[in-house]
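Colleague: I'm new to reading structures, so please take me through this one feature by feature.

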Amino acid sequence: MRTTAVAVVMAMLCVMMVHADVKPQKDFNLQRFAGKWYRVGLAYDSPGFVPFRSKLKASMGIVTALPNGNVNLTMWELTPAGCVTKMYHYERTTVPGAFTYFSTRSNIVKDITVVETNYNEYAIVLKHKVFNREYTQVALYGRAQRVSNEIIQKYKAFALSRHLSRESILTPPPADNCPPSPTPAGR
Ligand SMILES: *[C@@H]1O[C@H](CO)[C@@H](O)[C@H](O)[C@H]1NC(C)=O
């Protein structure tokens with residue numbers, strides 16, 4: 001139990017350090033952020049992800065704001081096995097717009113920062129591992145499957161500022177029939 005508590009405190013300290021240089025959207029409003037999004041951009045430098053770059057599709061996701069300020073995220077992802085649903089649970093931090101996420105797959109805490117959003121068109125989200133910032137992900141979410149060129153440029157500039165390579169900054173095409181139509185109700 002004690003080690004867990006120490007680990008949690010360390011994780012929190014790291015989150016605080018990380019957030020010292022990237023600030024979330026000012027006056028972040030989770031209610032306005034909730035609802036349907038498409039992940040129209042993904043920048044990810046992990047070498048393990050390189051073979052998947054050309055196969056990536058713009059997944060759809062639904063953000064559910066929970067009463068305690070946490071978030072449930074449901075994503076539909078096209079995989080070789082078909083369209084699969086993945087559920088994620090993001091926990092709030094003391095900073096609005098900053099969340100932590102415990103990855104059961106890699107057994108580590110990741111932090112998620114909604115860096116910039118206007119709620120009705122786009123959101124730029126930064127995700128990285130708390131104990132190892134090497135593989136940062138920047139995602140661009142759009143309320144529609146297409147976003148303006150101006151927004152794409154904003155996302156690219158932000159990803160470059162986080163030291164992601166140009167080749168890793170993707171804008172995948174829409175996922176066909178994933179989720180299978182008719183699309184589940186969004187907001
Ligand atoms: C959020 O996700 C958890 C775990 O998957 C689930 O038990 C819970 O019912 C979800 N809550 C809402 C409001 O969707």
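Colleague: Let's start with His-163: buried or exposed?
Modeller: You count C-beta atoms, placed from the backbone, around the residue's own: 20 or more others within 10 Å is buried, 12 or fewer is exposed, and anything in between is partly exposed. His-163 counts as exposed because it has 9 C-beta neighbours inside 10 Å.

Colleague: Before we go on, what am I looking at, and how are the residues numbered?
Modeller: Numbering starts from 1 along each chain, following the sequence as written. This is a predicted model, where local features need pLDDT of at least 70 and side-chain atom pairs count only at pLDDT 80 or more, while totals for chains, interfaces and linings use all residues.

Colleague: Back to His-163, then: where is its place in the chain?
Modeller: In the loop between α3 and β9. Those labels come from DSSP runs, with helices (H or I) of at least four residues and strands (E) of at least two, numbered from the N terminus. His-163 also has a positive phi of about 70°, although it is not a glycine.

Colleague: How many helices and strands does the protein chain have?
Modeller: There are 3 helices and 9 strands. Read along the sequence, the pattern is α-α-β-β-β-β-β-β-β-β-α-β. Of the chain's 187 residues, 26% count as buried.

Colleague: How do I see which strands go together?
Modeller: Look for bridges: two strands pair if DSSP finds at least two between them. Take β1, which is joined to β2 by 4 bridges, running antiparallel. In that pairing, Tyr-38 stands opposite Met-60, and Trp-37 has Gly-61 as its bridge partner. β1 also runs antiparallel to β8, with 6 bridges, and to β9, with 2 bridges.

Colleague: How much of β1 is buried?
Modeller: It is mostly covered, with 8 of its 10 residues buried.

Colleague: What do β2 and β3 form?
Modeller: A hairpin, with 5 residues between the two strands. They pair in the antiparallel sense over 6 bridges, and one of the pairs is Ala-65 with Val-71 in β3. In the turn, Gly-69 has a positive phi of about 95°.

Colleague: Now the inside. How many residues are in the largest nonpolar core?
Modeller: A nonpolar core is a set of buried Ala, Val, Leu, Ile, Met, Phe, Trp, Tyr and Cys residues joined through C-beta atoms within 7 Å. The largest one here has 33 residues, and Ile-124, Val-125, Val-138 and Tyr-141 have the most contacts inside it. Several elements each supply at least two residues, among them β7 (122–129), β8 (137–142) and α3 (149–161). β1 gives the most, with 6 residues.

Colleague: Which residues touch Val-125, leaving aside its neighbours within four places in sequence?
Modeller: Contact means two C-beta atoms, placed from the backbone, within 7 Å of each other. With those neighbours left out, Val-125 is in contact with Ile-112, Thr-113, Val-114, Val-115, Ala-139 and Tyr-141.

Colleague: What about Leu-126: buried or exposed?
Modeller: Leu-126 sits in strand β7. It is buried because 23 other C-beta atoms lie within 10 Å. Again skipping neighbours within four places, its contacts include Val-22, Val-138 and Arg-162. Leu-126 and Ile-112 are 14 residues apart in sequence, yet their C-alpha atoms are 5.7 Å apart in space.

Colleague: Last one: which residues surround the ligand?
Modeller: Thr-64, Leu-66, Asn-72, Met-87 and His-89, each near it in the sense that its C-beta atom, placed from the backbone, lies within 6 Å. By class, that shell has 2 nonpolar, 3 polar and no charged residues. In that scheme Ala, Val, Leu, Ile, Met, Phe, Trp, Tyr, Cys and Pro are nonpolar, Asp, Glu, Lys and Arg are charged, and the others, Gly among them, are polar.
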